[in-house]
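Hello,

Here is the structure I promised to pass on. Have a look, and my notes follow below.

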Amino acid sequence: MCWETDSTRNHLDEHHFRSRTTEDSFDTFLFRQELCKRFELINRNMPQHLDRLHSPPCGYHIAEGLLFTKNVEGPIVECGCFKGAMTAKMSILCKAMGKELYVFDSFQGLPHDELFNDGINKWRKTQFSCPRNEVEAAVRKYGEIEVCHFVEGFFENTLQDYDLKPSMVFIDVDLTTSMRTCTEHFWPRLVGPRFYSHEARIKEYVEALLDRQWWNDKFGRNPPPHVGCGTGFPDAPALCYLKKNYN
């Protein structure tokens with residue numbers, strides 16, 4: 001049973017993440033135990049990573065998504081890394097799986113403002129800016145930087161140069177315009193089962209992500225099955241994913 005759709009489950013905390021080992025290849029209890037220790041080190045030393053609802057379970061959900069790809073060819077893609085805490089976590093798993101991690105970010109923050117429908121809350125231009133050297137230093141210290149490829153620049157200028165066939169995508173790009181740019185580029189190229197996105201609690205973002213007319217115009221299909229959209233997971237409320245290559 002899929003963990004995220006099991007209504008009887010407990011939250012995906014450290015204990016439950018460790019206990020769900022498949023004992024297949026490297027995915028042992030000891031591997032997950034060591035992974036939890038490294039994740040906790042990141043959480044303690046990069047507390048800014050938790051400011052935008054990146055609760056510790058968010059890291060475990062992304063880790064489980066990555067483990068679903070261990071037998072799928074293709075790199076992992078992250079769009080929007082802020083200070084690099086999730087990048088560090090993902091890089092640890094990528095090294096264990098023999099995968100490359102491509103990290104796309106402007107390192108200048110958001111390219112423009114975006115106002116929510118309530119007329120009060122909004123994202124601001126340059127918000128979430130962090131210099132590339134600071135991100136790389138964090139990943140070097142807490143993760144596995146040798147598997148990482150950092151691509152600097154705004155998505156509309158950089159994605160077109162990369163014809164990657166990723167086994168998983170995780171976007172944390174805040175703006176609906178950036179979300180659509182990343183989805184339009186990577187969804188058709190995704191060979192794995194999950195396309196993760198942050199901001200699942202923001203009504204306008206979810207509406208843009210699952211807009212039926214946009215999906216038909218861009219991809220010739222209705223929006224795919226999805227988990228967590230509009231509500232997020234109880235323990236990682238901003239996280240959701242679209243399902244691809246499903247039965």
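**Cavities and rings**

The lining of the largest cavity is made up of 8 nonpolar, 6 polar and 4 charged residues (Ala, Val, Leu, Ile, Met, Phe, Trp, Tyr, Cys and Pro count as nonpolar, Asp, Glu, Lys and Arg as charged, the others, Gly among them, as polar). Please keep in mind that this is a predicted model, where local features need pLDDT of at least 70 and side-chain atom pairs pLDDT 80 or more, while totals for chains, interfaces and linings use all residues. Residues are numbered from 1 along each chain as its sequence is written, and side-chain values use heavy atoms, leaving out hydrogens and water.

Of the 18 residues lining that cavity, Gly80, Asp105, Gly109, Leu110 and Phe155 lie nearest its centre. (A cavity is a set of points on a 1 Å grid over the protein atoms alone where a 1.4 Å probe fits but cannot get out; lining residues have an atom within 4 Å of a point.)

Now the aromatics: there are 15 aromatic pairs in the structure. In one of them, the ring centres of Trp187 and Phe195 are 6.1 Å apart with planes at 65°, so this pair is edge-to-face (centres within 6.5 Å, planes over 60 degrees apart). Trp187, at 3% relative accessibility, is buried (under 20% relative accessible area, 1.4 Å probe, protein chains only), and Phe195 is buried at 1%.

Best wishes

Note on methods: Rings of Phe, Tyr and Trp (its six-membered ring) pair if their centres lie within 6.5 Å; planes under 30 degrees apart count as stacked, over 60 as edge-to-face and the rest as tilted. Buried means under 20% relative accessible area, exposed over 50%, partly exposed in between (1.4 Å probe, protein chains only). On a 1 Å grid over the protein atoms alone, a cavity is a set of points where a 1.4 Å probe fits but cannot get out, and a pocket is an open set with protein on both sides within 12 Å along at least five of seven lines; lining residues have an atom within 4 Å of a point.
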